[in-house]
Amino acid sequence: LEFRRVLFRSPLHSAQEMARYLQYSAEAPATMLAKVMQLPNALIHNTKMQAKAIKIIMLLNSLGEGEGSGAYLFADSEIKKFGLSSLEKSSALKSPEAFKKFVDFQVKRYKAMQSEAIKGDAYLPKKLKSLVKVNRAQQNYLVRNIEKNPILVFENAKPLKIHHLIRARV
């Protein structure tokens, strides 16, 4: 059902549908990856949380990749809760405060998931610690910029260069 919804770009209607989408699109692959990499079982929950946090920010950041791109993967109920008619740029520009509140809500969700993921760092193999830290620094840099100016999500953010990571204080 969830993959059919993604293929045909059907909107998610509730927070429960979004949670299920995150389970299939982020948690399941993260679990498989953790198993393949033979990570300790204690780390699986944290790996899932990291994957979900990344997915939230990637969806948010993909809003500018064409009309309606990542927008249909946010729950309609959440969009409407903030007084937005859609996640199109025109709607965000028409109601900038409502759009900022929506983005702040997603950022808060990201940070909560990220905090939960960080709790598992003690179980990370040494080889992965620096990779995970660089990835988090990259995501956090993106999040800080989105927090400063939520409309940035419509400007198709480019992949970060090394000087961005240095500025992000890896």
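Biologist: What should I know about the numbering and the values?

Modeller: Residues are numbered from 1 along each chain as its sequence is written, and side-chain values use heavy atoms, with hydrogens and water left out. The model is predicted, so local features need pLDDT of at least 70 and side-chain atom pairs count only at pLDDT 80 or more, while totals for chains, interfaces and linings use all residues.

Biologist: How many helices and strands does the protein chain have?

Modeller: The protein chain has eight helices and zero strands. Helices (H or I, at least four residues) and strands (E, at least two) are DSSP runs, numbered from the N terminus. The pattern along the sequence is α-α-α-α-α-α-α-α.

Biologist: What makes H3 largely enclosed by the rest of the structure?

Modeller: Buried means under 20% relative accessible area, with exposed over 50% and partly exposed in between (1.4 Å probe, protein chains only). In H3, 13 of the 18 residues are buried, so this helix is largely enclosed by the rest of the structure. For the protein chain, buried residues make up 44% of the 170 residues.

Biologist: Why is Gln139 called buried?

Modeller: Gln139 has a relative accessible area of 7%, so Gln139 counts as buried. Its place is in helix H7, where the buried residues also include Arg136, Leu142 and Ile146. Leaving aside neighbours within four places in sequence, Gln139 is in contact (heavy atoms within 4.5 Å) with Ile54, Ile57, Met58 and Tyr110.

Biologist: Why is Ala34 called buried?

Modeller: Ala34 has a relative accessible area of 1%, so the term applies. Ala34 is found in helix H2 (residues 15–36). Not counting residues up to four places away in sequence, Ala34 touches Leu39, Ile44 and Thr47. The C-alpha atoms of Ala34 and Ile44 are separated by 6.4 Å, and these residues are 10 apart along the chain.

Biologist: Why are H3 and H6 called roughly antiparallel?

Modeller: Axes are lines fitted to C-alpha atoms, for helices over the stretch in contact, and angles run from 0 to 180 degrees between N-to-C directions. Angles under 35 degrees count as roughly parallel, over 145 as roughly antiparallel, 65 to 115 as roughly perpendicular and the rest as oblique. H3 and helix H6 (residues 96–118) pack at about 160°, with their axes 7 Å apart. They are therefore roughly antiparallel to each other.

Biologist: Which classes of residue make the contact of H3 with H6?

Modeller: Residues of H3 including Met49, Ala53 and Ile56 meet residues of H6 including Phe102, Val103 and Met113. The contact has 10 nonpolar, five polar and three charged residues. Ala, Val, Leu, Ile, Met, Phe, Trp, Tyr, Cys and Pro count as nonpolar, Asp, Glu, Lys and Arg as charged, and the others, Gly among them, as polar.

Biologist: What makes H3 oblique to H7?

Modeller: H3 (residues 44–61) and H7 (residues 126–148) pack at an angle of about 40°, with their axes 11 Å apart. That angle makes H3 oblique to H7. The contact involves Gln50, Ile54 and Leu60 of H3, among others, and residues of H7 including Asn135, Gln139 and Val143.
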